[in-house]
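Hi,

Here is the structure I promised to pass on. Please open it beside this email, and then read on for what turned up around its aromatic rings.

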Amino acid sequence: MRFIDEAVVTVKAGDGGNGIASFRREKYVPRGGPDGGDGGKGGDVYVIANDNTNTLVDYRYTRRHDAKRGENGHSKNCAGKGSDDIYLPVPIGTTIIDTETDEVIGDLTEVDQTLLIAKGGDGGLGNTHFKSSTNQAPRKATSGFEGELKVLKFELKVVADVGLVGLPNAGKSTFIRQVSAATPKVADYPFTTLVPNLGVVDIGRHRSFVMADIPGLIEGASDGAGLGIRFLKHVARTRRLLHIVDIQPLDGSDPVENANVILNELERFSPELANLPQILVLNKIDQIVDEAELNELCTHIVAELGWTGIVFRTSTLTGEGVDAVKYHLMNEIEREREREFEDPIFAEEQAERFERLESEVRRNTEAQREAYRAARKAQREGTDINGENLTDFDDDDDDGVEVVYVP
């Protein structure tokens with residue numbers, strides 16, 4: 001199944017049924033009076049969070065969803081039947097955005113959470129409602145109201161407590177394999193991870209957190225290089241970033257420069273995201289046998305980065321040092337959860353911070369997408385992004401030599 005994390009969907013709630021103008025006509029009941037019933041209500045459209053799916057692929061191919069209209073009213077004061085509501089299942093972590101106003105309608109973060117996204121129209125009134133002492137035989141009935149029509153954007157961001165970031169082949173996928181039951185692809189070439197992978201890290205009885213493995217970033221990712229920042233939005237909900245650095249890359253690159261690449265790309269893409277608490281993990285320590293050499297290299301990396309936060313040394317291949325990382329993360333997350341529960345002010349600050357972060361990530365993602373579209377359009381039209389023709393140039397050179405181009 002393809003991993004699709006964005007989809008634009010048109011939803012149409014059901015129209016209300018029409019009321020009718022009807023009169024009671026029975027034997028021995030002359031002039032029975034009006035008895036037209038009301039129309040039925042149109043169906044509403046809801047989205048519901050479902051933990052049995054983790055992609056929006058269904059909405060990439062089925063882009064319109066309509067609820068049925070209500071029935072028209074009947075005689076004998078019988079109202080028409082209301083239409084059934086429809087429920088669109090989406091993965092947990094889906095945000096619903098109105099494309100016309102760019103307003104966030106809702107955010108589904110819990111199982112079976114429902115959200116009304118399009119309201120069905122009310123039914124029209126039958127002529128019974130218009131009966132009065134001066135108009136005892138009204139022939140007036142009203143039509144049903146139209147249901148709401150909306151074009152919405154479904155945007156999926158994985159719900160995880162910890163997000164893994166780092167260059168391709170830093171060991172992120174191997175790390176999540178070590179600490180959870182997730183089985184992302186692992187190979188000795190870049191970009192083996194093409195979609196986010198979630199893993200539940202189980203520490204013990206009633207102690208667990210969710211970790212997300214994000215596809216690797218490269219230099220220029222914030223400008224669209226490599227996989228760009230297409231999946232970087234998936235760490236917008238995380239409480240911690242785990243920055244994994246290969247201390248001895250096979251390509252001979254400098255691990256300090258590699259770490260700075262990630263830090264710079266995070267800062268360029270979203271300062272709010274770069275300010276998330278980060279933990280530095282110096283990975284692949286099994287490649288250096290000499291303990292003194294290993295200590296010297298790790299100390300050098302930390303010093304050159306000017307890192308003042310927490311640092312761990314791990315070998316995701318052998319599992320060395322991995323348990324210390326996951327226990328530390330569990331303790332930090334539990335402390336933060338408890339503080340949110342006990343301190344309403346802190347909980348509100350956290351909610352506001354995540355809201356700012358998601359807003360910034362969404363805005364920057366859309367800006368990069370628009371820039372990419374503009375560049376592709378300019379390339380097709382043979383112009384630069386400012387509209388200047390790239391094929392215009394001076395055929396005359398300083399030597400007065402005439403250059404003739406033959407097709």
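Is Tyr 87 buried, exposed or partly exposed? Tyr 87 counts as partly exposed, with a relative accessibility of 44% (buried means under 20% relative accessible area, exposed over 50%, and partly exposed in between, with a 1.4 Å probe and protein chains only).

Before going further, please keep in mind that this is a predicted model, where local features need pLDDT of at least 70, side-chain atom pairs count only at pLDDT 80 or more, and totals for chains, interfaces and linings use all residues. Residues are numbered from 1 along each chain as its sequence is written, and side-chain values use heavy atoms, leaving out hydrogens and water.

Searching the whole structure gives 2 aromatic pairs. Rings of Phe, Tyr and Trp (its six-membered ring) pair if their centres lie within 6.5 Å; planes under 30 degrees apart are stacked, over 60 edge-to-face, and the rest tilted.

Tyr 46 is in strand β2 (residues 45-50) and Tyr 87 in strand β4 (residues 86-91), 41 residues apart. Helices (H or I, at least four residues) and strands (E, at least two) are DSSP runs, numbered from the N terminus. Tyr 46 is buried, at 19%.

Tyr 59 and Phe 154 make an edge-to-face pair, 5.3 Å centre to centre and 75 degrees between the planes. Tyr 59 belongs to helix α1 (residues 57-61) and Phe 154 to strand β8 (residues 149-156), so this pair ties together parts 95 residues apart in sequence. Tyr 59 is buried at 6%, and Phe 154 is buried at 0%.

Happy exploring!
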